[in-house]
Amino acid sequence: MKQVFTSMPLSATRKDGSDIQVSYSTAPVLDAKNNVIGTVAVLYDITEKMKLEAKLMNSLEKVTRVVDETVNALASAIEKSDPYTAGHQQRVAQLACAIAGEMGGFDDDRMKGLRTAAMIHDIGKLYVPSELLSKPGQLTDIEFGLIKTHPQAGYEILKEIEFPWPIARIVQQHHERLDGSGYPVGLAGDDILLEARIVGVADVVESMSSHRPYRPGKGTKFALREIKMARESSYDPIVVDSCLALFRNGFVLPTE
């Protein structure tokens, strides 16, 4: 087959004894009748290119570590403001990623974005008085209204951070519902990011299953029944079906 061949990087040594990285390309030389009569080869010194790529990779790894450490610090700060939901965000992240895995179509990068958003989806609660978050008994309409500000507050906190994923919008939209009954904007249908729809379902299932100071945990079966009843009206049917399939297949909601 008459085609160009390009080698992988190779190690070589110059006459002065220094080590370099090289690559080469070869191509056939053809006569008028398209017969191969020779080969031409071009050798490239790619030492500096390889060094630059290594530096860029190292920088990327450092940035990734900083992002991960920042997200973990934010998650920790949120939980300190609301000790009754300690572990809530981690459990939501685990469930959200499991749902996405069941759905399929999420590569590693998109999955990491989903996990990051889920880990800090309640960051806006830093702006909610802590006594409301841990108040036993029924909340007044005004108190509940204050709690409902947390998705928008989370968006305002995160919107200036240049994440490689739409983290601020996912956080802002995780209480939006398909029929437009959610908050803070009242988005509906496909205007809600898929990641936000996944985090929303995972958040509801985890919250209903777990104990809160204002009510006992209702259990996973109750939570799954609730999302099944609101399938297509409030919650994405594909997300709900994937969540239900997870639990049918033995998934267990993580505990503290």
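Student: Which residues is E143 in contact with, leaving aside its neighbours within four places in sequence?
Tutor: E143 is in contact with L132, K135 and Q138. Contact means heavy atoms within 4.5 Å. One caution: this is a predicted model, where local features need pLDDT of at least 70, side-chain atom pairs count only at pLDDT 80 or more, and totals for chains, interfaces and linings use all residues. Residues are numbered from 1 along each chain as its sequence is written, and side-chain values use heavy atoms, with hydrogens and water left out.

Student: Where is E143 placed?
Tutor: In helix α5, residues 141-147. Helices are DSSP runs of H or I with at least four residues, strands are runs of E with at least two, and both are numbered from the N terminus.

Student: Is E143 buried or exposed?
Tutor: Buried, with a relative accessible area of 18%. Buried means under 20% relative accessible area, exposed means over 50%, and partly exposed is in between (1.4 Å probe, protein chains only).

Student: What does the side chain of E143 reach?
Tutor: The backbone nitrogen of T140, at 2.9 Å. A polar contact is a pair of N or O atoms within 3.5 Å; within protein, one must be able to donate a hydrogen and the other to accept it, and residues adjacent in sequence count only if both atoms are side-chain atoms.

Student: OK, over to H150. Which side chain does its side chain make a polar contact with?
Tutor: That of D122, at 3.2 Å. H150 is found in helix α6, residues 150-158. H150 is buried, at 2% relative accessible area.

Student: What else is H150 in contact with, leaving aside neighbours within four places in sequence?
Tutor: The list has D122 again, plus H121, G124, K125, V128, H174, H175 and Y183.

Student: H121 and D122 make me think of Q89. Which residues does Q89 touch?
Tutor: Not counting residues up to four places away in sequence, Q89 touches A75, I78, E79, A118, M119, I120, H121, D122 and I123. A polar atom of the Q89 side chain lies 3.3 Å from the backbone nitrogen of H121.

Student: And where is Q89 found?
Tutor: In helix α2, residues 88-103. Q89 counts as buried, at 2% relative accessibility.

Student: New topic. How many disulfides?
Tutor: The count comes to zero. The rule asks for a pair of cysteine sulfur atoms within 2.5 Å.

Student: Are C97 and C243 buried or exposed?
Tutor: C97 is buried, with a relative accessible area of 8%. C243 is buried too, at 0%.

Student: Now helix packing. At what angle do α8 and α9 pack?
Tutor: About 145 degrees, with their axes 8 Å apart. Helix α8 covers residues 194-209, and helix α9 covers residues 220-229. Axes are lines fitted to C-alpha atoms, for helices over the stretch in contact, and angles run from 0 to 180 degrees between N-to-C directions.

Student: Which residues make the contact?
Tutor: V201, V204, V205, M208 and S209 from α8. From α9, they are T220, F222, A223, L224, E226 and I227. By class, that is eight nonpolar, two polar and one charged. Ala, Val, Leu, Ile, Met, Phe, Trp, Tyr, Cys and Pro count as nonpolar, Asp, Glu, Lys and Arg as charged, and the others, Gly among them, as polar.

Student: Backbone next. Which peptide bond is cis?
Tutor: The one from Y183 to P184, with omega near 15 degrees. P184 is in the loop between α7 and α8.

Student: What is phi for N34?
Tutor: Near 70 degrees, a positive value in a residue other than glycine. N34 is in the loop between β3 (19-30) and β4 (36-45). At 44% relative accessibility, N34 counts as partly exposed.

Student: And phi for E232?
Tutor: Near 80 degrees, also positive in a residue other than glycine. E232 lies in the loop between α9 and α10 (237-248). E232 counts as exposed, at 53% relative accessibility.
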